Amino acid sequence: MKTSLKTFLADLYEIDPSLKTHEAELIPLVEKLLASDPAQEPDTEFVKRLRMQLQNRVAELGSPASAGFSRWLYAFGGAVTAAVIIPLAFVAVNNMKPTTAYKQDGSALFSYSVKEEGKSAFGSLAGISETTAMSRNQSGGGGPVGIDGGMVSARPEMAPTAPLSETSNANDVMVDAKMIAPFPMTKYEYVYDGAFPELTSTVAVYKRITASKSVPFSALASSLNLGNIDLASFAGMNMDTVSFSQNKPYGYQLNVNLRDTSVSLDAQWEQWPQSKCQTDACFQAERVKLSDVPSEDQLIAAANAFIKDHSIDMRHYGTPSVDMQWKRDYDRAPNKNDAWIPDSIRVMYPLVVDGHNVSDQSGLPFGISVGIHVQSRKVMNVYGLMSRDYAKSDYAGVSDSQQIKDYLGKLDNYAWMPEADQKDVKTATVTLGEPVMGYSVYYRYTNNTNEELVVPSLTFSIKDVQGGDQFFYRANVVVPLAADMLKEQMNGGMPIPIDGVRAM
Amino acid sequence: MDAAELAHITSCQSGHLEDFDPLYLLHIDAVYRYLHRRTLSREVAEDLTSTVFLKALESIRSFNPSKGVFRAWLYRIARNALIDFYRSHAQKTVSIENIWDLASGDVTSLVAERSIDAKKLHEAMKILTPDQREIVMLRVWEGLSYAEIADITGKSEGNAKVIYSRSIAELRTKLPSLLLLLLFPHSL
C-alpha cells in the first residue's frame, strides 16, 4: 500500500510549513516520486502455486483440522440425509458456529469449493450483455441488483446522462439509458494512456453452482404437529426455506434458503424502534443528520464486532470498505438540508477468488455486506452469506491491450443516435487511472434462472472528468477479460432507438 | 488488525492451521512487493516470499497479537529472510540497510518501460543513509504506520518518526536535483 499524496505532503509540511506555499509545484513532483515505486505485483500463477504449497504444508504439519483445510475444495456432493442436515442446520443457526455445522466427512452445509472443468465448459460467453438486464453494458443503467435474497448488489449506476433533481440520489432515481431523449446529452470519451498489467491468452472463468440442498420435509413434519393439517401426509416434499425470529429489542430475522443456499439476516422490525411521526416537522426532526453518521472506522469496527460475535465465516472474503456512494450525492446537493442521508450504511467484504477481490460491474465490492443502522449504530442486516461453490473453466482471454482501448473508446457512445440529433451532444473527457486486475460478477439468464459468472476483469478508476456535468455517476469502468464477453459488450448494450421503443 | 484477521490468527494458534489461508491472501501482495523492492528480481522475490509464508505458517503460534500487528510480524520475517539471502550469496556480512546497494546490480531486470526510472531513482535515493532509506521506503511505499515501522526495525516509534522526518527534510533540500533526475531521466 503506497502512502497517499496527501499523507506525503502532510509529512513534508510537518517538517517545513513554508513548503505549503509551493504546493502547486510540489504535487507533480511528489506524484512522480510515489509513482516511481519499483515494486511489481506478484504473478498470479505464483500466488496460486504458493497457496497450494502452504496447503500441503498444513497437511504435513498434521493440524487437528487439517482434513478441513481443503474442505472448501470439496463440492457438497448432492443430497444429504435429513438426519444429518436438519440437526446441523439448527445447530448452525442457533450457535452460529460455522465449525459445528460441518459434517464428519469434512463437508459443510454451506461451503466454498472450486471444481475444475474442461475448457469453455459453460458454453459461449457471448450474448450475456443482451440476455439479462443485470449484465448489460455498464452505461446501460441496469447494473446489478439483488437476486435470490442473498446476493449483495451495488447501487444501480445512473446513466451518465440522466437528469437528477437537487435533492434526489441514485437510489431514488432509476434512470435507464434506454430513456428517450430529450435529457441532457453528454458523450464521454474515456482515455487511458498508461501501462496494462500482463494480459493472458487464456483466462479462468468461474460459474457458481447453485444445487439446492435437498432436505426431506418428512423429517421435520413428523415432529411438528400444527393441529389443523397433517404435514406428514404430503409425500415427496422438500424443505426450501426456514425463517427464525428473535423476539427481543433490536432482534433479528434470519432466513435460510436451501434452494439457493443462502442466509440473510434482517432487523426484526417489530422489535426495532419505529417512527411515530405524523407531521413533516416531526419527520424533519427525526431524519438522519450528517452528524449522526459514524466514521468509516467506527462502521467497520461495528461490522467486525458483529461478525466476531456471530462467528460468521470470513475466510474467503477480503478487507472491508464502507460504501460511501451516498456521500457523493450529498456533496453535490446544493441544499444540504434537503440532501438525503441513508438510515443505514453498508460495510462491504469482497469475495476473494484466486487471490483477487471480486467486484460487481460498477467496480464496487461483491461479497458479504453488513448494513449498520446509522442512528443506533447497530447491525441492521447481513446479506451475501451463501455457499460459494464454483466450477472453473478456461476461456480465451483478451491478450491485446488495444482491444481494451477500443472498448473504452466505444463506452457511452451515441452512435445509435441520428447524426442530425448529435449536434446538441457535448463531449467530455474522462481520464482513467491505472487498472487493477481482479474479478467481476456477471449474470446470464438461462433456463429461467440467473447463472452467476465470475470473470477476470480490469477495473479502471475514474481519475478526472473534464467537461462533464453533475450527472456523471460512473465511479469505475470494468472491462471483462474473457474475449467473447468483451467482443459482445463492445457491440451490445446500446440504448434502444426511439422508433424501437414506440413499436413496443 | 481487524477482528476477522485476529480471529483467523487465533484459530491458527489453536491448531486450525487451515485458517492461515485468508491471512496468506490478505498479505501476499504486500510481502511480495516488499521483497521485490529490495531485490529487484522476480525470481528472488518469489523464493523469499515462499520462505516467509512457510516460516509464518510454522511459527504462527509464536506471534503475540498484544505486542504488535500481524503485518509487521510478517515484514520482520521478510527482513530476516532478505538478510539470510544476501549472506548466503557471497556477502558474508550484510545488514538490512545495505541491501539497497546490493540489489542495484539487478535493476535492469525490471520490465523495460520502468527500468530507467527505477535505476535513476535507485541512484537518487542513495543521498539518504541506509537507515533513513529503509524507513522512508517503509513509510512511503509500504504505507506502514510509525508503530509498524518501529516494530519491524526494532526502533522506538518516536525514533522512527524522527528519522523519517529528518530524511524527508534532507530529501527536500536536495529535491531539485533528485526530482530533475526522476522527471527527465533521458536528458541526464
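Predicted model: local features only at pLDDT ≥ 70, side-chain atom pairs only at ≥ 80, totals over all residues.

User: What distance does α3(A) reach from its first C-alpha to its last?

Analyst: The helix α3(A) has 18 residues. At 1.5 Å a residue, a span of 26 Å is expected, and the computed value is close to that. From first to last C-alpha, α3(A) reaches 26 Å.

User: Which residue has a side-chain oxygen that reaches the backbone nitrogen of Glu45(A) at the start of α3(A)?

Analyst: The contact is formed at the start of α3(A), where the backbone nitrogen belongs to Glu45(A). A side-chain oxygen comes to within 3.2 Å of that nitrogen, and it belongs to Asp43(A).

User: Which residue meets Lys48(A) in a salt bridge, and how many residues apart are the two?

Analyst: The side chains of Lys48(A) and Asp354(A) meet in a salt bridge, with 3.9 Å from N to O. Lys48(A) lies in helix α3 of chain A, while Asp354(A) lies in the loop between β9 and β10 of chain A. At 12% relative accessibility Asp354(A) counts as buried, whereas Lys48(A), at 25%, counts as partly exposed. The partner is Asp354(A), and the separation is 306 residues.

User: Where in chain A does the salt-bridge partner of Lys207(A) lie?

Analyst: Lys207(A) forms a salt bridge with Glu451(A), and their closest N and O atoms are 3.6 Å apart. Glu451(A) is buried, with a relative accessible area of 17%. Lys207(A) is in strand β3, 244 residues away from Glu451(A), which is in strand β16.

User: Are Arg388(A) and Glu452(A) buried or exposed?

Analyst: These side chains meet in a salt bridge of 3.9 Å, N to O. Arg388(A) lies in strand β13 and Glu452(A) in strand β16 of chain A, so the pair ties together parts that are 64 residues apart in sequence. Both Arg388(A) and Glu452(A) are buried.

User: How many salt bridges does the count come to over all chains?

Analyst: Side chains of opposite charge can pair when their charged atoms come close. In chain B, a network of salt bridges links Arg37(B), Arg38(B), Arg79(B), Glu134(B) and Glu142(B). Over all chains, the count comes to 21 salt bridges.

User: Which element gives the most residues to the largest nonpolar core?

Analyst: The largest nonpolar core has 57 residues, and those with the most contacts inside it are Phe20(B), Tyr24(B), Leu35(B), Phe53(B) and Phe70(B). The elements that give two or more residues to this core include α3 of chain A and, from chain B, α2, α4 and α9. With 11 residues, the element that gives the most is α4(B).

User: Which residue of chain A does Phe20(B) touch, leaving aside residues up to four places away in sequence?

Analyst: Within chain B, Phe20(B) touches residues including Cys12(B), Phe53(B), Leu57(B) and Phe70(B). From chain A, the residue that Phe20(B) touches is Leu54(A).

User: What percentage of the residues in chain A is buried?

Analyst: Chain A has 13 helices and 17 strands. Its accessible surface comes to about 23,700 Å², of which 52% belongs to carbon and sulfur atoms. Of the 504 residues in chain A, the buried share is 49%.

Note on methods:
Residues numbered from 1 in each chain as written. Chains lettered and ligands numbered in written order. Heavy atoms only, no water. Salt bridge = Lys/Arg side-chain N within 4 Å of Asp/Glu carboxyl O. Helix = DSSP H or I, 4+ residues; strand = E, 2+ residues; numbered from the N terminus. Buried < 20%, exposed > 50% of the residue type's maximum accessible area, 1.4 Å probe, protein only. Areas by Shrake-Rupley, 256 points an atom, 1.4 Å probe, with all protein chains shown as cover. Expected span 1.5 Å × (residues − 1). Polar contact = N/O pair within 3.5 Å; in protein donor to acceptor, adjacent residues only side chain to side chain. Core = buried A, V, L, I, M, F, W, Y, C linked by side-chain atoms within 4.5 Å. Contact = heavy atoms within 4.5 Å.
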